[in-house]
Amino acid sequence: MSDSSSTRASSGTLRRQLFAQTWPMAIGVMSLLGFQLVDSAFVARLGTVPLAAQSFTFPITFLMIGVQVGLGIAIAALISRALGAGELERARRLGSLVLFGGAVVIGCLAIALWIFHVPLFRQLGAQDDALELIGEYWPVQLLANWFAALLYFGYTLFRAHNNTRLPGLLMVATSGLNLVFDPILIFGVGGWSGLGLPGAAWATTASFTIGLLLLGWRLAQRDWLSLADLAGEMRRSTGPFAVIAGPAMLSQLMPALSAMAATALIASLGEQAVAAWGLASRLETVSLMLVLGLTMSLPPWLGHCYGAGNWPRIRALMSIAFQTVLVWQLILGTVMALAAPWVADALSSDAGVRDGLTWLIRAMLPSYALLGLCMLVVSASNALGWPLRAMMISFARLFVCYLPCIALGVWLGEKMPYVGLGAALGNVLAGSMAWLVFRQSMRAMPEQARAHAAASS
């Protein structure tokens, strides 16, 4: 077989392996984020103010997600490297640390976010009517967010052991349960009138509770945890953990801070604009399901390759991931842009919200091809031992490219078309920048890695 034929065969094998690892997570992410979109569509039936109130909570929820993802990235990187180096007992201890430590950290954050929720949401632009609804909805949603974090840490353990099927299945299961609970708890059944906006949070809490029970049952069947010498492992791993977790957490927190700033900018355009932006944010995460699936399935694989010094495979994996994301997101973005009026009509009954959402979909959805590249680069950089680089890319994407372009859109016309075009421009600039930085990083990898790559090619 010729070298070119061998390369194509190897690439084809990697594509199949990457697909096998990614599709369970992509389907799980699609179901999980899809139910959140449908959840917002149910809330939209309650009126513009409840939808705006829920939309104000999205950036703070992203803040909690940023903390948990930063913790998960660091632990997943350490576990996958330990497994790649054959340190099985250390991997078990790290698995226990992520479950116990993560639960405490996210729990403390949830308590703080409840104590200071009134000044926080006023700062985001919430008015009295929306703030009253937030006060009823937010404590239950914080509980749901804590349960979601516990589920995420459990998923991290499975992904670190290259098991993406169970997390994907549990995401689908909890999403299905939430869709059953949502209309019952929001609108009621029979003679019961329902709970309104808080019912959406109770539905999420109930579905995640069932998911946690199922996850705990399956985790008990695995030999992935160890309580032996946890204090010693914590001392030994604090340094390596902080090196990865600090920048990774900042990288994950920056989208939340950016979302808060963007919401404050959009709030100046009125509650209909906030509601449309909230729906667009939900739609964004659903449309990025493949990218999010790759950011979950790819880092443990890259971590194993990093631990084994296999840089040729790292290059091949990233090339396949880039090509897949570009093609998929461009096709999906084009289809969604053409179908924008019908999608907006399905998600909201308010004419002003529908009009704003239509323009946001048309402008922003195609640009997610470049946003997806940026997200992949950040995720891969954390897995490959470049956390500071990942943090700087995230900072540049959000605070140099994205937010200034949104602010320009608000300033130019105070209309959603300009806001959407500004966000799209920010995504294009961020993706182009991240791709160039990653190419340069791979060229400048250490000389010993370059020699290892030449010897193994």
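Ala383 is buried, since its relative accessible area is 5%. This residue belongs to helix 14, which covers residues 368-383. The structure is a predicted model, and its chain contains 17 helices and 0 strands. Of the 457 residues in the chain, 56% are buried.

**Surroundings of Ala383**

- Apart from neighbours within four places in sequence, Ala383 is in contact with Arg81, Pro299, Leu302, Gly303 and Tyr306.
- Ser80 lies 303 residues from Ala383 along the chain, yet the C-alpha atoms of the two residues are separated by 9.3 Å.
- Across the chain, among contacts with a separation of 6 or more, 82% join residues 24 or more positions apart.

**Helix 11 and helix 12**

- Helix 11 spans residues 311-338 and helix 12 spans residues 340-347; their axes come within 4 Å and cross at roughly 70 degrees.
- Because angles of 65 to 115 degrees count as roughly perpendicular, helix 11 is described as roughly perpendicular to helix 12.
- Helix 11 contributes Met336, Ala337 and Leu338 to the contact, while helix 12 contributes Ala340, Pro341, Trp342 and Val343.
- Sorted by class, the residues in this contact of helix 11 with helix 12 are 7 nonpolar, no polar and no charged.

**Aromatic pairs**

- The structure holds 7 aromatic pairs, including the two described here.
- In the pair formed by Phe322 and Phe438, the ring centres are 5.7 Å apart and the ring planes stand at 90 degrees, so the pair is edge-to-face. The cut-off behind this step is that planes over 60 degrees apart count as edge-to-face.
- The term applies to values between 20% and 50%.

**Confidence of the prediction**

- The average pLDDT of the chain is 81, and 88% of the residues score at least 70.
- Within the chain, confidence is highest in helix 7 (residues 197-219), with a mean of 92, and lowest in helix 17 (residues 447-456), with a mean of 48.
- Residues 1-9 have a pLDDT that stays under 50, and the model gives this stretch 1 contact beyond four places in sequence.
- Residues 451-457 also have a pLDDT below 50; this stretch has 7 contacts in the model beyond near neighbours in sequence.

Terms used. Residues numbered from 1 in each chain as written. Predicted model: local features only at pLDDT ≥ 70, side-chain atom pairs only at ≥ 80, totals over all residues. Heavy atoms only, no water. Axes fitted to C-alpha atoms, helices over the stretch in contact; angles between N-to-C directions. Helix = DSSP H or I, 4+ residues; strand = E, 2+ residues; numbered from the N terminus. Parallel < 35°, antiparallel > 145°, perpendicular 65-115°, else oblique. Contact = heavy atoms within 4.5 Å. Nonpolar A, V, L, I, M, F, W, Y, C, P; charged D, E, K, R; others polar. pLDDT = per-residue confidence, 0-100. Phe/Tyr/Trp six-rings, centres within 6.5 Å; stacked < 30°, edge-to-face > 60°. Buried < 20%, exposed > 50% of the residue type's maximum accessible area, 1.4 Å probe, protein only.
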